[in-house]
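Please open the model in a viewer and keep the selection tool at hand.

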Amino acid sequence: MRILEASGLVKAYGRQRALDGFTLEVAAGEIVGLVGRNGAGKTTFVEVVAGLVRPEAGRVLVCGADALARTRAARALTGFSPQETALYPAATVAEHLRLFGALAGLRGPELRRAVDDIAGRMDLADVGGKPAGLLSGGQRKRTQAATALIAERPLLLLDEPTVGADPATRARLLAVVTDRAAAGAAVVYTTHYLPELAELRATVAVAQAGRIIARGTLGELSLDHVNALLVAEEAGEEDGDGAAAA
């Protein structure tokens with residue numbers, strides 16, 4: 001069963017096309033590692049699916065619902081962790097979790113159980129009463145991820161969630177993501193850390209100049225091959241042949 005179906009997405013910023021026919025499908029239980037150099041269109045794609053950016057053309061379906069026409073309905077099916085940390089400095093970790101859990105429709109005992117569960121899974125139980133502005137870098141990363149993971153939604157969008165994270169934070173996040181996929185969630189996981197994809201048993205989608213140029217399992221696309229594609233893209237840009245995307 002396909003949870004996410006995105007096809008023919010086009011998004012331009014002035015004369016620059018961030019997405020240029022971007023197409024990607026993700027099935028239930030599948031983790032797709034979305035890789036590519038900065039400017040390949042990864043973040044723009046995730047923001048389109050999350051309903052934060054409106055494309056000029058293309059289609060996005062989440063569990064069969066038109067995410068461009070029914071943005072609110074699609075958001076209710078999606079957990080999203082953006083690339084940049086987006087926490088309220090004065091709000092505590094527990095307040096963030098309760099807020100995002102409530103926004104996801106959790107109430108009463110169900111909300112309390114979800115907060116306790118994700119706080120334990122992400123090693124946040126001991127800092128629940130601490131304001132986000134006073135957290136360490138790893139604690140902020142774990143809190144941000146927890147806000148996306150607190151509700152068990154069918155689609156997870158995680159945009160470089162481990163950039164700058166310590167090994168313990170990375171290990172906890174990968175474990176939770178693996179469990180969510182095993183429970184049936186579809187995951188789009190953008191990263192520059194290619195070994196993480198092997199740990200996640202992810203399939204790979206390589207983005208370049210606003211579109212997917214290679215897609216397959218790790219058996220079909222080895223990490224060496226993915227690296228070679230990225231190196232070739234970089235060389236093309238240095239020679240003036242590559243196209244950058246926002």
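**First stop: the paired strands**

Select strand S1 (residues 2-13) and strand S2 (residues 16-27), which run antiparallel and are joined by nine bridges. Strands (E, at least two residues) and helices (H or I, at least four) are DSSP runs, numbered from the N terminus; two strands pair if DSSP finds at least two bridges between them. This is a predicted model, in which local features need pLDDT of at least 70 and side-chain atom pairs count only at pLDDT 80 or more, while totals for chains, interfaces and linings use all residues. Residues are numbered from 1 along each chain as its sequence is written, and side-chain values use heavy atoms, with hydrogens and water left out.

Within this hairpin, two residues lie between the strands, and glycine 14 takes a positive phi near 65°. Glutamate 5 has glutamate 25 in S2 as its bridge partner. A salt bridge here is a side-chain nitrogen of Lys or Arg within 4 Å of a carboxyl oxygen of Asp or Glu.

Select aspartate 20 next. Its salt bridge with arginine 17 has its closest N and O atoms 2.8 Å apart, and another, with arginine 211, has them 3.3 Å apart. The latter pair links distant parts of the chain, since aspartate 20 is in strand S2 and arginine 211 in strand S10 (residues 211-216), 191 residues apart.

Then select arginine 121 and aspartate 179, a salt bridge with closest N and O atoms 2.6 Å apart. This pair joins helix H4 (residues 108-121) to helix H6 (residues 167-182) across 58 residues of chain. In the whole structure, a search finds nine salt bridges.

Move to glycine 36, in the loop between strand S3 (31-35) and helix H1 (42-49). Is glycine 36 buried or exposed? Glycine 36 counts as buried because its relative accessibility is 3%; buried means under 20% relative accessible area, exposed over 50%, and partly exposed in between (1.4 Å probe, protein chains only). Its C-alpha atom is separated by 8.2 Å from that of threonine 191, 155 residues apart along the chain.

Finally, select tyrosine 88, in the loop between strand S6 (78-81) and helix H3 (93-103). With a relative accessible area of 51%, tyrosine 88 is exposed.
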